[in-house]
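Me: I'd like to learn how to read a structure like this one. Could you go through it with me, feature by feature?

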Amino acid sequence: MQIAARHLDKTTIFDISGDIDLATSPQLRKALLHELRELKMPRVVLNLGAVRYIDSSGVASLVEGLKASRDVGSRLILFGLNKTVREVLQLSKLVRIFEIYENEAQSVAP
Amino acid sequence: MLCVVRNAVGELTAKLGFSESDCRAVVRAVDEALTNIIRHAYLGEQEQPIEASFHRIDAPKDGQSGDALEIILEDSGLTADPEKMCGRALEDVRPGGLGLHFIRECMDTVEFSRNSGKNQLRLVKFLHVQTPQKGA
């Protein structure tokens, strides 16, 4: 998995690619919690368009990020979900809990 | 290493004729099962041995016999407690506890046993072959 961060006004956009699994999900969790808890970014956006696979530990990292965002009053937004990622969020019944958009323009809109 | 297994299981299921969705389901179930073994039976040690065997079988289904893929995963780690293997309510939104839920949702049969000092997980997925429609 690779994570690249971009900053846009009061928004951080993470472009994530590859597999989010047992070995790599701690890296995602760390990046999310740093941005939300330490930098207190008002909006953190995850571009999941190039994610090939996500397992339950990856979903757990997203849930932890969501909880952190609620704790500090920020927004955690997902976009670019492919079939694999969407299936996993549907299996875990989390599709309705996350703020999800189709593309980056919608995700960073005021 | 999990990535290598996922790719191999994906190729195997595709060759056996599973649909794309069922291929992803079997890959997900095996990946989550291996992750659980590493985390709970081997306490996070990723270099411990896990034996995996794959068999194409005829298994009973709806009073008849059905073509299926049987996967058996064995480890020599800590004894798994079946009482704790119940997943969790999905309404409780919190990290963790989703792996077993994914496995159960993705496979038709999920059985756990302990034999000769080893944990054994048996997973079965039936091949759903579409019947050609008349006139097609």
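**Reading the contacts between two chains**

Reply: Let's start with a pair of helices: α3(A) and α2(B) make a right-handed crossing. A crossing is right-handed if the near helix is turned clockwise from the far one by less than a right angle, and left-handed if anticlockwise. Helices (H or I, at least four residues) and strands (E, at least two) are DSSP runs, numbered from the N terminus. Some ground rules: residues count from 1 along each chain as its sequence is written, while chains are lettered from A and ligands numbered from 1 in the order written. This is a predicted model, where local features need pLDDT of at least 70, side-chain atom pairs count only at pLDDT 80 or more, and totals for chains, interfaces and linings use all residues; side-chain values use heavy atoms, leaving out hydrogens and water.

Me: At what angle do the axes of α3(A) and α2(B) cross?

Reply: Two packed helices are described by the angle between their axes and the distance between the axes. Here the angle is roughly 65°, and the axes come within 12 Å. (Axes are lines fitted to C-alpha atoms, for helices over the stretch in contact; angles run from 0 to 180 degrees between N-to-C directions.) A:Lys83, A:Thr84, A:Glu87, A:Val88 and A:Leu91 meet B:Ser21, B:Arg24 and B:Arg28. That contact has two nonpolar, two polar and four charged residues. (Nonpolar means Ala, Val, Leu, Ile, Met, Phe, Trp, Tyr, Cys and Pro; charged means Asp, Glu, Lys and Arg; the others, Gly among them, are polar.)

Me: Which helix packs with α2 inside chain B?

Reply: That's α3 (residues 99-106), packing against α2 (residues 20-41) at about 145° with axes 8 Å apart. This crossing is left-handed. Among the contacting residues are B:Ala29 and B:Ala33 of α2(B) and B:Phe102 and B:Ile103 of α3(B). By class, there are seven nonpolar, two polar and two charged residues.

Me: How many residues are in contact between chain A and chain B?

Reply: Chain A puts in 22 and chain B 24, with contact meaning heavy atoms within 4.5 Å. The buried area (accessible area, 1.4 Å probe, that two parts lose on being put together, summed over both) is about 2000 Å², and carbon and sulfur atoms give 61% of that. On chain A's side, A:Leu22, A:Tyr53 and A:Leu91 supply 32% of what the chain buries against chain B, more than any other three residues.

Me: How many salt bridges cross the interface?

Reply: Four. The rule wants a side-chain nitrogen of Lys or Arg within 4 Å of a carboxyl oxygen of Asp or Glu. B:Arg6 pairs with A:Asp19, closest N and O 2.8 Å apart, and also with A:Asp21 at 2.9 Å. A:Asp21 sits in the loop between β2 (11-20) and α1 (25-38) of chain A and B:Arg6 in helix α1 (residues 2-16) of chain B, so this pair joins two chains.
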